[in-house]
Amino acid sequence: MAYDNPSLTVVTEEVPPGALRWRSPSNIALVKYWGKHGDQLPRNASVSFTLQNAATDTTLHYAPRRESVTGGVDVQLQLAGTPEPKFTARTQTYLKRLLPVYPFLRQLELRIETQNSFPHSAGIASSASGMSALALCLVSLEEQLFEPLPDRAAFLRKASYLARLGSGSACRSVYGGAAVWGQVPELSDSSGAYAVSIAEQLHPTFQSYHDDILLVSRSEKAVSSRAGHGLMDQNPYAPPRYAQANARSREILGVLQRGDTERFGQLLESEALTLHALMMSSQPSYTLIEPNTLHVINLLRQFRSETGHPIYFTLDAGPNVHLLYPEAVAEPTRRFIREHLLPYCEDRMYLADRVGTGPEQLEVNQTTPA
Ligand code: PMV
């Protein structure tokens with residue numbers, strides 16, 4: 001690994017106990033990552049908007065470890081105040097994997113308190129916000145125990161790299177605005193190992209874009225993303241798909257700079273449907289969209305053709321529908337959602353979100369900002 005560093009060990013007696021806290025948002029892919037290889041490397045480039053409201057707030061408590069340091073990593077995780085054995089085990093595996101980068105992790109006792117801004121049962125993946133929040137805490141911990149990284153860009157790049165090893169798409173969440181993960185010729189520092197920010201390149205129209213998430217179903221997914229990525233290895237459409245996604249990642253950069261909401265929407269919707277077509281053409285095949293997903297899509301298309309408003313949808317690896325639209329049509333869109341789309345949402349729930357400013361470090365005892 002590029003960041004491997006066996007010299008990052010501590011003298012345990014000299015480490016005073018402490019805690020670090022980050023709030024990190026989720027992101028929505030515009031061009032989708034679907035298919036990976038090697039050590040969590042993407043088969044194609046992807047581009048996302050970082051969200052504002054859907055976020056994870058994570059506090060990492062650390063203290064010198066008292067017992068033997070030969071075993072794995074000593075970590076306990078609480079989600080919204082409740083011990084979570086499943087997430088604890090997953091975090092343990094993740095931190096163990098980071099030992100070549102951060103050998104000091106096995107010299108500490110770690111306790112993680114984490115909570116999401118959205119309801120746990122909302123059917124919204126928290127891996128991007130959760131893994132990016134934890135990765136940011138870890139890089140802050142490195143700075144606390146050793147020395148500051150050269151600058152903020154180096155800090156965020158390392159956090160992005162570490163987040164990627166936890167959950168691929170999480171690497172895009174460490175930047176506000178928008179991010180690209182994977183190699184794109186126009187972005188000289190772009191890489192499969194970490195994401196880079198393209199916030200500076202966003203046209204003002206996209207800087208204030210909305211993303212309302214319609215919660216069509218809050219049930220857990222039948223097929224995990226991990227399994228879905230794996231099925232791409234045998235998918236006959238995989239090679240042309242990777243070429244298409246790379247070409248679209250390049251194209252959408254220009255679209256985001258120009259403020260071209262129409263071409264943006266065409267790419268967005270095709271990306272969503274292509275992602276689900278890849279699931280349907282996998283062996284074994286599976287479907288994550290539900291009848292209400294299609295009802296929402298059809299009603300949206302009708303509304304768009306009647307009004308001419310540039311409101312387009314995208315989908316994650318699940319049945320929920322994201323509606324993306326500019327501030328200029330926020331009023332009629334909200335009315336349309338309330339009057340026509342909420343009947344297709346479980347418990348009439350939706351989350352109003354928008355392009356966000358990115359993660360922020362919080363004081364450990366500070367209450368979470370709204
Ligand atoms: O990061 P993962 O392994 O959970 O995969 C996420 C893939 C999509 O959300 C469907 C697309 C993306 O690029 O975020």
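**Close-up views of a predicted model**

View 1. Tryptophan 22 counts as buried because its relative accessibility is 3%; buried means under 20% relative accessible area, exposed over 50% and partly exposed in between, with a 1.4 Å probe and protein chains only. This is a predicted model, in which local features need pLDDT of at least 70 and side-chain atom pairs count only at pLDDT 80 or more, while totals for chains, interfaces and linings use all residues. Residues are numbered from 1 along each chain as its sequence is written, and side-chain values use heavy atoms, with hydrogens and water left out. The residue belongs to strand β1 (residues 18-31); helices (H or I, at least four residues) and strands (E, at least two) are DSSP runs, numbered from the N terminus. Leaving aside neighbours within four places in sequence, the contacts of tryptophan 22 include Thr56, Asp57, Thr58, Phe155 and Pro359, where contact means heavy atoms within 4.5 Å. Its side chain reaches the backbone oxygen of leucine 136 at 3.4 Å. From tryptophan 22 to glycine 356 the C-alpha to C-alpha separation is 15 Å in space, against 334 residues in sequence.

**View 2. Threonine 58 in strand β4.** Strand β4 (residues 46-64) holds threonine 58, which counts as buried because its relative accessibility is 1%. Not counting residues up to four places away in sequence, threonine 58 touches Leu20, Arg21, Trp22, Ile112, Glu113, Thr114, Ala133 and Cys137. With one of these, threonine 114, there is a side chain to side chain polar contact at 2.9 Å. A polar contact is a pair of N or O atoms within 3.5 Å; within protein, one must be able to donate a hydrogen and the other to accept it, and residues adjacent in sequence count only if both atoms are side-chain atoms.

**View 3. Strand β12 and its partners.** All five residues of strand β12 (residues 321-325) are buried. Val321, Leu323 and Tyr325 make up one covered face, and His322 and Leu324 the other. Strand β10 (residues 210-214) runs antiparallel to β12 and is joined to it by five bridges; two strands pair if DSSP finds at least two bridges between them. Isoleucine 213 stands opposite histidine 322. Strand β11 (residues 312-315) is also antiparallel to β12, with four bridges, and leucine 315 stands opposite valine 321. A hairpin through five residues joins β11 to β12.

**View 4. Threonine 293 in helix α8.** Threonine 293 is part of helix α8 (residues 291-307) and counts as buried because its relative accessibility is 0%. Beyond its neighbours within four places in sequence, threonine 293 is in contact with Val216, Leu315, Pro319 and Val321.

**View 5. Surroundings of the ligand.** The ligand is surrounded by 13 residues, the closest being Tyr33, Ser169, Arg172, His229 and Asp316; a residue is near a molecule or strand if one of its heavy atoms lies within 4 Å of it. Oxygen atoms of the ligand lie 2.9 Å from a backbone N or O atom of tyrosine 33, 2.7 Å from a polar side-chain atom of serine 169 and 2.9 Å from a side-chain N or O atom of aspartate 316. The protein covers 90% of the 380 Å² of accessible area that the ligand has on its own.

Methods. Areas by Shrake-Rupley, 256 points an atom, 1.4 Å probe, with all protein chains shown as cover.
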